[in-house]
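Hi there,

Here is the structure I promised to pass on. Please have it open while you read my notes below.

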Amino acid sequence: MAETLVYHNSPPSLLPLYGKALLARQEKGGSMTIPDLSACLLGASTGGDSLKRYRKVCGFTPHSHLPLTWPHVLAFPLHLKLLTDDRFPLPLLGLVHLRNAITQYRPVGAGENLDISVRLGNETHTTRGVEFDLITEARSAGRLAWEEASTTLFRQPQKDGEPTGKKAPPELERYPDTVSLAAPESIGRQYARVSGDSNPIHMHALSAKAFGFPRAIAHGMWTKAHALAVLEQQKGWRPGAIRASCQFKKPLFLPGTAQLNWKTGESGWDYQVLNAKGDAPHLSGRIDWL
């Protein structure tokens, strides 16, 4: 495994990393392998004005502990560092976020310092292309408090004679509880300012069209965070050890409205963010109490 990049207190600067991301890069031919790259940020501060702005943008209420998704934002510069590394063989702007699973072993206090580590792993070749995980761990005083696996796809054309892998979508199940969500035109820029994720497909309609989208689309992690922010205000929510996973489906175009639809259970909740008509999912997920 390659040597781990180590940062103390402050993560790598995003501006030069975005400069590298915008440079054209062609995937390498032949047998492509995701390299064993890793990085860590020691002594990351979890509080401050950035946290306050993040809570406001995503809809989390003020609390003594962190929003479940906040460590993902703290780790984002490390994610970008690995994905723009010269040894990483794929173009960053061609990657698609498929799934995200966060496990919180205990609530993390706002202002608590964390040691955050990120690595690439779990490479899989599927009929759609290459999938791999960005695996993130957050430790406090040496003990694992939070971890995440973000599964990413790089699409590759099918070889002649290979099945496409396309299947009919499963029948959409409707859950008993529903609230409306609003995604204003500016939410991509608002989320980019607090998260650092300034992918052009989220920023403006014009920049999104350059990548084949009719309008800008909401960040998947904003949609997940906003859904969790609403769910944690519902009766029966338990703020302790928890696992929140989701699969990203159809893009949420901006501006737009959506429906957060869920059902509660003793061991966990199922949830989904549907389009305004309620007949197609933007994401579907599960919350498990540990």
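Asn 122 lies in strand E4; helices (H or I, at least four residues) and strands (E, at least two) are DSSP runs, numbered from the N terminus. The phi of Asn 122 is near 60 degrees, a positive value in a residue other than glycine. With a relative accessible area of 51%, Asn 122 is exposed; buried means under 20% relative accessible area, exposed over 50%, and partly exposed in between (1.4 Å probe, protein chains only).

Before going on, please note that this is a predicted model, where local features need pLDDT of at least 70 and side-chain atom pairs count only at pLDDT 80 or more, while totals for chains, interfaces and linings use all residues. Residues are numbered from 1 along each chain as its sequence is written, and side-chain values use heavy atoms, with hydrogens and water left out.

Back to the backbone. Asn 9 also has a positive phi, of about 70 degrees, although it is not a glycine. Asn 9 sits in the loop between strand E1 (5-8) and helix H1 (14-22), and its relative accessibility of 53% makes it exposed. A cis peptide bond, with omega about -10 degrees, joins Leu 254 and Pro 255. Pro 255 is found in the loop between strand E8 (242-248) and strand E9 (256-263). As background, most residues other than glycine have a negative phi, and most peptide bonds are trans.

Next, the helix packing. The axes of helix H3 (residues 70-83) and helix H4 (residues 187-195) come within 10 Å and cross at roughly 70 degrees. (Axes are lines fitted to C-alpha atoms, for helices over the stretch in contact, and angles run from 0 to 180 degrees between N-to-C directions.) H3 is therefore roughly perpendicular to H4; angles under 35 degrees count as roughly parallel, over 145 as roughly antiparallel, 65 to 115 as roughly perpendicular and the rest as oblique. On the H3 side the contact is made by Trp 70, Val 73 and Phe 76, and on the H4 side by Tyr 191, Val 194 and Ser 195; contact means heavy atoms within 4.5 Å. By class, the contact of H3 with H4 has five nonpolar residues, one polar and no charged ones. Here Ala, Val, Leu, Ile, Met, Phe, Trp, Tyr, Cys and Pro count as nonpolar, Asp, Glu, Lys and Arg as charged, and the others, Gly among them, as polar.

How many aromatic pairs does a search of the whole structure find? There are seven. Rings of Phe, Tyr and Trp (its six-membered ring) pair if their centres lie within 6.5 Å; planes under 30 degrees apart count as stacked, over 60 as edge-to-face and the rest as tilted. Tyr 54 and Trp 70 form a tilted pair, 4.9 Å centre to centre with 50 degrees between the planes. Tyr 54 lies in helix H2 (residues 49-58) and Trp 70 in helix H3, so the pair ties together parts that are 16 residues apart in sequence. Tyr 54 and Trp 70 are both buried. The rings of Phe 88 and Phe 132 have centres 5.6 Å apart and planes at 65 degrees, so this pair is edge-to-face. Phe 88 is in the loop between H3 and strand E3 (95-104) and Phe 132 in strand E5 (residues 129-140), so to speak 44 residues apart. Both Phe 88 and Phe 132 are buried. One aromatic cluster is formed by Tyr 54, Phe 60, Trp 70 and Tyr 191.

Two buried polar residues come next. Thr 151 is in strand E6 (residues 143-155) and counts as buried at 7% relative accessibility. A polar contact of 2.6 Å joins its side chain to that of Asp 133. (A polar contact is a pair of N or O atoms within 3.5 Å; within protein, one must be able to donate a hydrogen and the other to accept it, and residues adjacent in sequence count only if both atoms are side-chain atoms.) Leaving aside neighbours within four places in sequence, Thr 151 is in contact with residues including Val 96, Arg 99 and Phe 132.

Gln 272 belongs to strand E10 (residues 268-275) and is buried, at 4% relative accessibility. A polar atom of the Gln 272 side chain lies 2.7 Å from the backbone oxygen of Glu 173.

Best wishes
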